[in-house]
Amino acid sequence: MAGGDTHEDSATEAFVAHRNLLFTVAYEMLGSATDAEDVLQETWLRWVGVDLETVRNQRAYLVRIASRQALNRLRTLGRRKESYVGPWLPEPLLTSPDVAEDIELADSVSMAMMLVLETLAPTERAVFVLREVFAVDYDEIAQAVDKSPAAVRQIAHRARTHVAARRPRDVISQSESQAALTAFRRAIETGDLQGLVDILAPDVVALGDGGGVKQALPRPVVGADKVARLLAVGLEQYGRAMSVEPVQVNGYPALKLWLDGELDCVVALRIDDGLVTGMYTVRNPDKLAHVDQETPLSR
C-alpha cells in the first residue's frame with residue numbers, strides 16, 4: 001500500500017510540475033480551454049497507470065500522452081464545429097504579463113495565430129504545435145501521432161508552409177496592439193469613430209462568435225467601410241450602456257466589454273503593419289469562462 005502511495009505521489013509531483021505545459025499544448029491543438037482541461041484529466045488517468053521506472057523523460061512522456069488525447073479530441077471537435085452556428089472562434093484566455101513577455105509563446109497563442117492553426121488538418125496541427133512551439137523532436141512526435149519520423153518531417157514542412165502563408169506578416173508588437181485598442185476604447189467611450197476607422201486596414205475582417213446563444217455576426221464582414229458601419233451601428237445601439245475593461249487575452253492587449261454591468265464579450269485584434277486586419281468578438285457565454293481569472297501557460 002505504501003508503495004502505491006509513493007508511486008501516486010511521484011506521479012502527482014511530475015504531473016503538477018508539467019501541468020501548465022500540458023494545458024498549453026492541448027489548448028494550442030484544440031483552441032478550447034474546456035476541452036484542454038478534459039485532455040489534462042484523461043492524461044492524468046493514463047499517467048497514473050504508467051510504471052515510472054520505465055520512463056526516461058517524464059516531460060516528453062506526458063506531452064506524448066496529452067498530444068494523443070488532444071489529437072483524438074481534435075477530430076471529434078472538427079465534427080462539432082461543422083454544426084456550429086455562425087463563425088467559430090477560439091476560447092479566449094485571460095493571460096498573465098509573463099506570457100506577453102515570452103514573445104514566441106504570446107505569438108503562438110494569439111487569437112490571430114489560433115485562427116491560422118484552425119486551417120490545418122488535425123495531424124498537421126499537432127505536428128506543427130509540437131515542433132514549432134514546443135521544440136519536440138521528430139521521433140517523439142512520431143510516437144504521439146502514430147507516424148514514421150520521415151512522414152512527420154514532411155507533415156511539419158507542409159504545415160510550416162501553410163502557416164507562413166497565412167500568419168500575421170510580423171510578430172505583432174504589444175505596443176501596436178495597445179495603440180489600436182486605445183483607439184477602439186476611445187471610440188466606444190466617446191462615440192468618436194474616426195480614430196478607430198483610421199487604423200482599419202482596407203481588407204479588415206470582423207468575426208463574431210455567439211454560438212447560436214447570443215446574437216453575433218452570422219458570417220465574416222470584410223472591408224474597412226463595412227466594418228466601420230457595423231461599429232457605428234453597435235455604438236449607437238449600446239454606446240452609453242457599455243463599459244470597457246482593458247485586459248491581456250491570449251498574450252496580447254484586448255478588451256472585455258460590459259453591457260449594463262454584465263460581461264457581454266471579449267474583443268481581440270490582429271494587427272499587420274500597424275493596421276487592424278482582424279477583429280474577433282467572442283460573445284458565446286460558454287466561451288467566456290476563462291476570462292475571469294488568469295490561465296497559466298508555459299512551454
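Asp 38 sits in helix α2, which covers residues 33-47. Helices here are DSSP runs of H or I with at least four residues, strands are E runs of at least two, and both are numbered from the N terminus. At 34% relative accessibility, Asp 38 is partly exposed. Buried means under 20% relative accessible area, exposed means over 50%, and partly exposed lies in between, with a 1.4 Å probe and protein chains only. The model is predicted: local features need pLDDT of at least 70, side-chain atom pairs count only at pLDDT 80 or more, and totals for chains, interfaces and linings use all residues. Residues are numbered from 1 along each chain as its sequence is written, and side-chain values use heavy atoms, leaving out hydrogens and water.

**Asp 38 and Arg 80**

- Asp 38 and Arg 80 are 42 residues apart along the chain, and their C-alpha atoms are separated by 16 Å.
- Arg 80 belongs to helix α3, residues 58-82.
- Arg 80 has a relative accessible area of 44% and is partly exposed.

**Overall fold**

- The chain has twelve helices and six strands.
- Its radius of gyration is 20 Å, close to the 19 Å that the globule rule gives for 299 residues, so the chain is as compact as a globular protein of that length.
- That radius is taken over C-alpha atoms, and the globule rule is 2.2 Å times the number of residues to the power 0.38.
- The C-alpha trace spans about 65 × 40 × 35 Å along its principal axes.
- Of the 299 residues in the chain, 53% are buried.
- Among contacts with a separation of 6 or more, 68% come from residues 24 or more positions apart.
- A contact means heavy atoms within 4.5 Å.

**Surface and charge**

- The accessible surface of the chain is about 14200 Å², and carbon and sulfur atoms hold 49% of that surface.
- Accessible areas come from the Shrake-Rupley method with a 1.4 Å probe; for residues, only the protein chains shown count as cover.

**Aromatic pairs**

- The structure holds three aromatic pairs.
- In one of them, the rings of Phe 23 and Tyr 27 have centres 6.2 Å apart and planes at 5°, so the pair is stacked.
- Rings of Phe, Tyr and Trp (its six-membered ring) pair if their centres lie within 6.5 Å; planes under 30 degrees apart count as stacked, over 60 as edge-to-face, and the rest as tilted.
- Phe 23 and Tyr 27 share helix α1, residues 2-30, where they are four residues apart, about one turn of the helix.
- Phe 23 and Tyr 27 are both buried.

**Positive phi in two loops**

- Asp 260 is not a glycine, yet its phi is positive, at about 50°.
- Asp 260 lies in the loop between β4 (252-259) and β5 (262-272).
- With a relative accessible area of 65%, Asp 260 is exposed.
- Asp 273, a residue other than glycine, has a positive phi near 50°.
- The loop between β5 and β6 (275-282) holds Asp 273.
- Asp 273 is exposed, at 56% relative accessible area.

**Buried strand positions**

- Val 244 is in strand β3, residues 242-249.
- Val 244 has a relative accessible area of 11% and is buried.
- Beyond its neighbours within four places in sequence, Val 244 contacts Arg 185, Ile 188, Glu 189, Leu 255, Lys 256 and Leu 257.
- Val 244 and Phe 184 are 60 residues apart along the chain, with C-alpha atoms separated by 9.9 Å.
- Gly 278 is in strand β6.
- At 1% relative accessibility, Gly 278 is buried.
- Not counting residues up to four places away in sequence, Gly 278 touches Val 204, Val 205, Ala 268, Leu 269 and Arg 270.
- Gly 278 and Leu 94 are 184 residues apart in sequence and 19 Å apart, C-alpha to C-alpha.
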